[in-house]
Amino acid sequence: MQRIFSGIQPSGVPHLGNYLGAVRNWVRLQQDHDCIYCVVDLHAITVWQDPKELANQTRGLAAALLACGIDPKASLLFHQSAVYAHLRLAWIFNCVARMGWLNRMTQFKEKAGKERENVSTGLFTYPNLMAADILAYHATRVPVGDDQRQHLELANDIAQKFNHDYGAEFFPAIEPMILGPAARVMSLRDGSKKMSKSDASGQSVINLNDDADTIALKIRRAKTDPEPLPSEPAGLEGRPEARNLVGIYAALTDTDHAAVLREHGGKGFGAFKQVLADLLVAHLSPIAAETQRLLADSATLDGILHDGARKAEAIAEPIVAEAERLVGFLKV
Ligand code: AQP
């Protein structure tokens, strides 16, 4: 079975983009892959996280992942700061990756914006830690949203340079798995920006813990244009907000844009938003309820994360120890 690694940051409440672009695929992949799923709290602190909230956000995200269907008997689920192997390999990769490579990363440019001189150095080296997360397990497949494609190309560059510099075919090639019609869910207020936990406008994001009324309100208020829905995908050209809502509908019903437009083409957005909101509520309400149930028993939740971390450590430790040996560190 091929080994999968994927992570998600506890930098806020998980949202529909995380669910459709990543987590829903993670659940499906459990059937025929060896899956390692990680709540990446080390990544989260690359931007400021309130220390009073971070542990709860980590638990909240782990509970949401379990509620979405991650099965701790079938997969490993743990939080990143509990397994030191990630940090040891990330340091080596900091010394393998080149400044020029990181300078090209569009996520850094978007997140740093005009604050480039003031953001943390961790935000800049984030892709090196991400490469370490994956390669510490010799994972070869990484299910992610479309926004992470560039980081995975960089991880492959790092792996190749390590192998070349240290004269060993040690790290395998990584293949991104970008799945489904909603690999990039966009903000409900601006169809050119991705839906993001850190978006200041709460109205742009459907959170996995939103209740039915909140979901319906956010969808009603979602930005659209005055034209009715087209009957074919070509008619979505230049209409990013319409494309986004159709993509969400397609993902939730396991179809594609063409099938959604065959059914709803010609309708105004008022009617379409109503059916979309109903569909979202039917999908997300059980997840929100199960998350709350899991959070009420934090001892069990912490036990799952602790067990996952120990099993993850058992896989990563010999791989990272061998990388350190190749680098030439003294082992006494
Ligand atoms: N809008 C999105 N559409 C599709 N997939 C998405 N993902 C994130 N946003 C979308 C996918 O979710 C997984 C986990 O992402 P993450 O939380 O680790 O980091 P992120 O991509 O930086 O997510 P956010 O919401 O934008 O977080 P903040 O605001 O904290 O930076 C990844 O597989 C990602 O592709």
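Which residue meets the side chain of Glu322 in a salt bridge? The partner is Arg325, with a separation of 2.8 Å from N to O, where a salt bridge denotes a side-chain nitrogen of Lys or Arg within 4 Å of a carboxyl oxygen of Asp or Glu. The structure examined here is a predicted model, in which local features need pLDDT of at least 70 and side-chain atom pairs count only at pLDDT 80 or more, while totals for chains, interfaces and linings use all residues. Residues are numbered from 1 along each chain as its sequence is written, and side-chain values use heavy atoms, with hydrogens and water left out.

Glu322 and Arg325 are separated by about one helical turn, because they stand three residues apart in helix H13; helices (H or I, at least four residues) and strands (E, at least two) are DSSP runs, numbered from the N terminus. Glu322 has a relative accessible area of 26% and is therefore partly exposed, a class that lies between buried (under 20% relative accessible area) and exposed (over 50%), as computed with a 1.4 Å probe on protein chains only.

In total, the structure holds 19 salt bridges. One of them joins the side chains of Arg88 and Glu317, at 2.9 Å from N to O. This pair links distant parts of the chain, since Arg88 belongs to helix H4 (residues 85–96) and Glu317 to helix H13 (residues 298–327), 229 residues apart. Arg88 counts as partly exposed because its relative accessibility is 26%, and Glu317, at 34%, likewise counts as partly exposed.

A further salt bridge is formed by Arg141 with Glu175, whose closest N and O atoms are 2.9 Å apart. Arg141 is placed in strand S4 (residues 141–143) and Glu175 in strand S5 (residues 175–177), so that the pair ties together parts 34 residues apart in sequence. The relative accessibility of Arg141 is 17%, and this residue therefore counts as buried, whereas Glu175, at 39%, counts as partly exposed.

A separate description can be given of Glu241, which lies in helix H10 (residues 240–252). With a relative accessible area of 13%, Glu241 is buried. When its neighbours within four places in sequence are left aside, Glu241 is in contact with Asp190, Gly191, Lys223 and Thr224, contact being defined as heavy atoms within 4.5 Å.
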